[in-house]
Amino acid sequence: MSAALAAARRAERLGEVPVGAVVVVGGAIVARAHNQTIQSCDPTAHAEVLALRRAARKLGTHRLTEADLFVTLEPCAMCVGAMIQARIRGLYFGCRDPKAGAVVSLYELASDRRLNHRIPVHEGILEAECRELLRGFFRARRVKG
């Protein structure tokens, strides 16, 4: 999660919402990414989606069945959908997202039995640090605006 936090801090420096993600296989980071929606003018450029794309290219497969995803913020519905399609092994996230979280907050897509893949979820990893990074970012934006 420390590597995901470092990626989130890079996003913050670029003016992006500070969310970072890393994909781990066999204990090694195979991909890392941060939010790039503003910079790339791409609403799908969430940290999770970018990290999954990079991992798939590096590993040469669209199925990431041995991969764990670490992300600083609870993923949205789009990102959980991408994780399900990739068949990731596990999801580890820092803090909940009460406005858009699709893992435990608004929806429980990762564990929905109606879907063809379920993802074991572990939440609260470095939760305070992840939450404070986001709160600080939005607090600063409200002061500027």
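Okay, let's start with Asp112: its relative accessibility is 15%, so it counts as buried. Keep in mind that what we have up here is a predicted model. The cut-off for buried is under 20% relative accessible area, which is why 15% puts Asp112 in that class.

Now, who does Asp112 pair with? Its side chain meets the one of Arg114 in a salt bridge, at 2.6 Å from N to O. And Arg114 comes out as exposed, because its relative accessibility is 75%. So in this pair we have a buried Asp112 and an exposed Arg114.

How many salt bridges does the structure hold? There are 5, and I'd like to show you some others.

Next up is Arg96 with Glu123. Their closest N and O atoms sit 2.7 Å apart, and that makes a salt bridge. This one ties together distant parts of the chain: Arg96 is in the loop between strand E4 (90-95) and strand E5 (121-123), Glu123 is in strand E5, and 27 residues separate the two. Arg96 has 44% relative accessibility, so we call it partly exposed. Glu123 is partly exposed as well, at 35%.

Let me stay on Glu123 for a moment. What else does it touch, once we skip residues up to four places away in sequence? Besides Arg96, the list has Phe93 and Val104. With Arg96, there's a side chain to side chain polar contact at 2.7 Å. For a sense of scale, take Glu123 and Ala6: they are 117 residues apart along the chain, and their C-alpha atoms are separated by 18 Å.

One more salt bridge, and then I'll move on. Arg139 pairs with Glu132, with 3.4 Å between the closest N and O atoms. Arg139 is partly exposed, given its 41% relative accessibility, and Glu132 is partly exposed at 40%.

Helix H5 spans 127-144, and both H5 and H2 supply at least two lining residues each.

Val17 brings me to Asn35. The Asn35 side chain reaches the backbone oxygen of Val17, at 3.3 Å. Where does Asn35 sit? You'll find it in the loop between strand E2 (28-34) and helix H2 (37-40). Is Asn35 buried or exposed? Buried, because its relative accessibility is 9%. Setting aside neighbours within four places in sequence, its contacts are Ala11, Glu16, Val17, Val19, Ala45, His46 and Ala47.

Last stop, Thr72, which is part of strand E3 (residues 67-73). At 1% relative accessibility, Thr72 counts as buried. Leaving out residues up to four places away in sequence, it touches Met1, Ala4, Leu5, Ala8, Pro18, Val19, Gly20, Gly94, Cys95 and Cys130. Notice that Val19 turns up here and also in the contacts of Asn35.

That's my tour, so over to you.

Technical notes. Residues are numbered from 1 along each chain as its sequence is written. This is a predicted model: local features need pLDDT of at least 70, side-chain atom pairs count only at pLDDT 80 or more; totals for chains, interfaces and linings use all residues. Side-chain values use heavy atoms; hydrogens and water are left out. Helices (H or I, at least four residues) and strands (E, at least two) are DSSP runs, numbered from the N terminus. Buried means under 20% relative accessible area, exposed over 50%, partly exposed in between (1.4 Å probe, protein chains only). A polar contact is a pair of N or O atoms within 3.5 Å; within protein, one must be able to donate a hydrogen and the other to accept it, and residues adjacent in sequence count only if both atoms are side-chain atoms. Contact means heavy atoms within 4.5 Å. A salt bridge is a side-chain nitrogen of Lys or Arg within 4 Å of a carboxyl oxygen of Asp or Glu.
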